[in-house]
Amino acid sequence: MRTDAFQSVPWELGPFHPSLPGPLGVSAQVMGDRLSELSFRTGFARRGVEAAMTKKNWCSVRPYLDHIDPEGAGFYELAFAQALESLTRTEVPKRAQVIRLIVVELSRISTHLACLVRVAKALRSQAVYHYLLRDREVALDLFELLAGARFSLNFIQPGGVRHDITAGFVERVLEYCALLEYRVHEYNELLVFHPTVVERTRGLARVSSELAKSFGLTGPNAFASGIDSNRRRTSGELIYSELDFDRPQALRPADYSGDTHDRIVIRIHEILQSVELLRQACERIVPGDFLAASLGPKDPVPAGRAQSSVSGARGEITCHLESKGGLAPAGVAFDVPSTTSLRAAELALLGVSIDDFELALASFDVSISEHDR
Amino acid sequence: MGSALTAWSQSQSLSFYSINTGCCADEVQSSVGARYDIERFGALEQTEPEAANLLLINGMVTEQAALEIQKIYDRMPRPKYVIAVGACASNRGLFCQKGTDATARPVDRIIPVDIYVPGCPPRPEAILNGLIALQEKIQSRLEARDNNAD
C-alpha cells in the first residue's frame, strides 16, 4: 500500500461535542491521520456581556462579570473592581486585600484543576477525572462558605469584598492546602508523569517561545513556552509583593520547552505555588474593615477612563472602563487570554494526529465562554 | 404490566448528551463527578446524540447555536427528552434585556422542553432533582397511557 497516495479529506467536529472545551466549530483537512489544515469557528457563546453591562447601574453590573469566564470568575471581579476603584479613588483596606488574594488564588487552583479534568478526560483516565473533580469540590465548598455560591460568586466588589470571612474559614483553607499538597503526588503518579502520558505528550503541539511572543501569550501557556510571565511579583497587585513566590521551589522558564507535557506540568506547579501563597496570605490577615465604601444604585462615578490588569489563571486579563459621570458605565471592554491561546492552538495543532487533538487542545486551557463573551 | 416495565426501564436508563454553552456546564460536570454521581440514577453521559435519549441544554442559546441544537435534537432517536439547565436556557436569564447585542432565545422556542431547572447556575442537587422529576414524568405519562388503553 502506498501511503504517499493519500489525499487530504475534510474533517468536521463540533460546535457541540463533549471533547471540546466549549462551543467551538472545528474544520480541518486530514492527511492520513494528521491535521494538515485547521480552522476554528467561534461565536456560539456570544452573549454580549460587555454591552449588557453598559445598560446597568454601576452596582448592578457585577453579576455579569461572573459569566465571562465562570471557572475563573474571581479574576474578572477583581479586574473590574480595581479599575472602578481607580476611577472613584477608593483605598481598599488591607484586610480586604488579603481576602481578595485568598479568593483569587483559590480560583486559580479551581481553574487549573478544571483544566486537568479536561486533560484526564481526553486521556480517558476515568479514575483521575473523578479524583480531580472530588478535590475541586472542596474549593467550591470554600467559595460557598465565603460567598454562598459555588459559581457566580459576586464577592469581590469595588471598595473591598462583600462579606467578611467567617470563623473557621482560614483553618479550612489551610486544611485544603495540606490536602492538595498530598494529592498532587497522586496526580503526578497517575497522570502527569505516568510513562504513557509522558511518551504521548512530549513534543506534542509545541509552541516555541518566539511563537508565544508573536501571539502575545500570557500566563501559564507563555510560561510553558519558556517566557517568564509571572507578573504578580512586580505589578503591585494586592499584597503579592510581600509574598515569597519561590516556594516550594523557584520555577524557571528555561526548564520549559512549550509542548503539551510542559503545559500540563506548569499547572501542577502553579497549584503548588498557589498553595504556598495561600498559606502566607492566611498569616497576613489583619483585623479591620473588609469594605471601604459601597457604591449605591444612585451613585454616579466620576468621568474618566481607567484600566487594570490581573494575572488570571489562563493569562493576563485587562479591564478597560469608561465613565461619563453617569449612573451606568459608558464603556466596558476586556482583553482576555483565551483569544490568544485559541489562535496559538490553531497553529500549534497542525500536524497533530486526530487521536491527540483533544488532548493537545485541552492543554491550552481555552475557555470559549471567555473568548466569545 | 408491559408498559409499567417499559416506563420503569425507560426512566431509569436515560443516556444524556449535554450541550455546553455556558457556566451550567461546570455544574453538570460536578453532577457527573463522584460526589453527586448522576450515574446512580441511571443517567450516563454519551458522546454522540445518536446514543442519547436525553438532551441537557446547559447555558445560553444564541441564534447561531440554535440551528446546531436543532440538528442535534433531530439526530436523537425517539423517545427523547430535554432538560433546560439554568436560567439562561429557560428564559435567557441575565441576558433577557433589550438593547444589547445578545441574540439569545429561550430553548423552548427551538425544541420542546420537558423540565426546567432554575438557578444561575443551579446546584448539582437541583440538576439531580430535575432528572428525578423527568423520571417521574416519564413514568406517570406511560402509566396514564396504559390506563386509557384499558
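Helices, as named here, are DSSP runs of H or I that hold at least four residues, numbered from the N terminus. In this predicted model, Glu105(A) is found in one such run, helix α4 of chain A. The relative accessibility of Glu105(A) is 0%, and this residue therefore counts as buried, the limit being under 20%. When neighbours within four places in sequence are set aside, the residues in contact with Glu105(A) are Arg232(A), Tyr240(A), Ser274(A), Leu277(A) and Leu278(A).

The helix that carries Glu105(A), α4(A), covers residues 94-122, and its 29 residues reach 42 Å from the first C-alpha to the last, which is close to the 42 Å expected at 1.5 Å a residue. Of these 29 residues, 27 are buried, so that α4(A) is largely enclosed by the rest of the structure. Arg124(A), which follows α4(A), has a positive phi, near 55°.

One packing partner of α4(A) is helix α12 of chain A (residues 354-363), and the axes of the two helices come within 9 Å and cross at roughly 170°. Because this angle is over 145 degrees, α4(A) is classed as roughly antiparallel to α12(A). On the α4(A) side, Cys115(A), Arg118(A), Val119(A), Lys121(A) and Ala122(A) take part in the contact, and they meet Glu358(A), Leu359(A), Ala362(A) and Ser363(A) of α12(A). Sorted by class, the contact between α4(A) and α12(A) comprises 5 nonpolar, 1 polar and 3 charged residues.

A further helix of chain A, α5(A), has 22 residues and reaches 31 Å between its first and last C-alpha, close to the 32 Å expected at 1.5 Å a residue. Just after α5(A), a positive phi of about 85° is taken by Gly148(A). Helix α5(A) (residues 126-147) packs against a helix of the other chain, α2(B) (residues 24-32), at an angle of about 120°, the two axes lying 10 Å apart. The two helices α5(A) and α2(B) are therefore oblique to each other, and the crossing in which α5(A) passes α2(B) is left-handed. The residues of α5(A) in this contact are Tyr129(A), His130(A), Leu133(A), Arg136(A), Glu137(A) and Leu140(A), which meet Asp26(B), Gln29(B), Ser30(B) and Val32(B) of α2(B). By class, 4 nonpolar, 3 polar and 3 charged residues make up the contact of α5(A) with α2(B).

Two other helices of chain A each hold a buried residue for which local surroundings can be described. His261(A) lies in helix α10 (residues 260-283) of chain A and, with a relative accessibility of 2%, counts as buried. Apart from neighbours within four places in sequence, His261(A) is in contact with Val192(A), Phe193(A), Val198(A), Thr201(A) and Arg202(A). Tyr64(A), in turn, is found in helix α2 of chain A (residues 62-65), and its relative accessible area of 2% makes this residue buried. The C-alpha atoms of Tyr64(A) and Met53(A) are 6.9 Å apart in space, while the two residues are 11 residues apart in sequence.

Backbone geometry was also examined in the loops. Most residues other than glycine have a negative phi, and most peptide bonds are trans. Against this background, Arg89(A), a residue other than glycine, has a positive phi near 50°; Arg89(A) is placed in the loop between α3 (73-88) and α4 of chain A. With a relative accessible area of 72%, Arg89(A) is exposed. Asn154(A), likewise not a glycine, has a positive phi of about 50° and is found in the loop between α5 and β4 (156-157) of chain A. The relative accessible area of Asn154(A) is 17%, and this residue is therefore buried.

In chain B, the peptide bond from Arg78(B) to Pro79(B) is cis, with an omega near -5°, and Pro79(B) has its place in the loop between α3 (63-75) and β4 (81-85) of that chain. A cis peptide bond also joins Cys120(B) and Pro121(B), where omega is about -15°. Pro121(B) lies in the loop between β5 (115-117) and α5 (124-149) of chain B.

How values were computed
Residues are numbered from 1 along each chain as its sequence is written. Chains are lettered from A and ligands numbered from 1 in the order in which they are written. This is a predicted model: local features need pLDDT of at least 70, side-chain atom pairs count only at pLDDT 80 or more; totals for chains, interfaces and linings use all residues. Side-chain values use heavy atoms; hydrogens and water are left out. The expected span of a helix is 1.5 Å times one less than its number of residues. Buried means under 20% relative accessible area, exposed over 50%, partly exposed in between (1.4 Å probe, protein chains only). Contact means heavy atoms within 4.5 Å. Axes are lines fitted to C-alpha atoms, for helices over the stretch in contact, and angles run from 0 to 180 degrees between N-to-C directions. Angles under 35 degrees count as roughly parallel, over 145 as roughly antiparallel, 65 to 115 as roughly perpendicular and the rest as oblique. A crossing is left-handed if the near helix is turned anticlockwise from the far one by less than a right angle, and right-handed if clockwise. Ala, Val, Leu, Ile, Met, Phe, Trp, Tyr, Cys and Pro count as nonpolar, Asp, Glu, Lys and Arg as charged, and the others, Gly among them, as polar.
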